[in-house]
Amino acid sequence: MDLQKNKTIVFENIRLATKTANRPENSVSVIAVTKYVDSAVAGQLIDTGVEHIAENRVDKFLDKYEALKDKPVTWHLIGTLQRRKVKEVINLVDYFHALDSVRLASEIEKRADHPVKCFLQVNISEEESKHGFKVSEIEEAIDEIGKMEKIQLVGLMTMAPADASQESIAAIFQEANQLRKNLQSKKRKNMPFTELSMGMSRDYQIAIQEGSTFVRIGTSFFH
Ligand SMILES: *Cc1c(COP(=O)(O)O)cnc(C)c1O
């Protein structure tokens, strides 16, 4: 595993993808998903210049955070969060990407000591196995979440099905961006909806073409 080389390749691909999409290079933040490696390796990747780190499980997030909290990184929690674990982690997280129920939002509201930047997870393809709100559920959910003070809805997070074609991945990402724009245009308090968390190792270039602002990349760094 040559971290420096992998990092160079990923960042170059992102530079090219933003160029192709006619977007400024700095409009996309690269999040390294460190779930495949230990804290020492994650620390080495940070030392190459990666500024955003993510974990998808609370226990692993806490391990990495404890080991690396003095490094200059922004911390992302990207996976499903059980309500009983909210209090252990929520005040350490800079961005939470998997807000998937109003009940979870209520628990964050109760436990957070400051407003938390959250992405609503949306299940555009309505895959049974995936978490997240269906598109038809979002209006009602944000009416409820709008009453809360500690939830700041910065954007939407979505994933395409593992077996989707390039075309259907693009269609899903495009729909997420359209939905995000509609929500942004409502200008509700605490709901800027400026961000889109989409794109993983297999599909980050498509995601950038469709307007992603945060790509979550694991395998391409750590292989
Ligand atoms: C693991 C994971 C990623 C990164 O996936 P890769 O295919 O390894 O790039 C992105 N998002 C979530 C939610 C993940 O759990």
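**Close-up views of the ligand site and a salt bridge**

View 1. A polar side-chain atom of Ser201 lies 2.5 Å from an oxygen atom of the ligand. This is a predicted model, in which local features need pLDDT of at least 70, side-chain atom pairs count only at pLDDT 80 or more, and totals for chains, interfaces and linings use all residues. Residues are numbered from 1 along each chain as its sequence is written, and side-chain values use heavy atoms, without hydrogens and water.

**View 2. Tyr36 and Gly218 at the ligand.** The side chain of Tyr36 places an N or O atom 2.5 Å from a ligand oxygen. Gly218 uses its backbone: an N or O atom there is 2.8 Å from an oxygen of the ligand. Alone, the ligand exposes 390 Å², and the protein buries 88% of that (Shrake-Rupley method, 1.4 Å probe).

**View 3. The shell around the ligand.** Among the surrounding residues are Val33, Lys35, Asn56, Met200 and Arg216. A residue counts as near if one of its heavy atoms lies within 4 Å. By class, the shell has five nonpolar, four polar and two charged residues.

**View 4. Asp47 pairs with Lys71.** The two form a salt bridge (Lys or Arg side-chain nitrogen within 4 Å of an Asp or Glu carboxyl oxygen). Their closest N and O atoms are 3.0 Å apart. Asp47 sits in helix α2, and Lys71 in the loop between α3 and β3, 24 residues apart.

Notes:
Polar contact = N/O pair within 3.5 Å; in protein donor to acceptor, adjacent residues only side chain to side chain. Nonpolar A, V, L, I, M, F, W, Y, C, P; charged D, E, K, R; others polar. Helix = DSSP H or I, 4+ residues; strand = E, 2+ residues; numbered from the N terminus.
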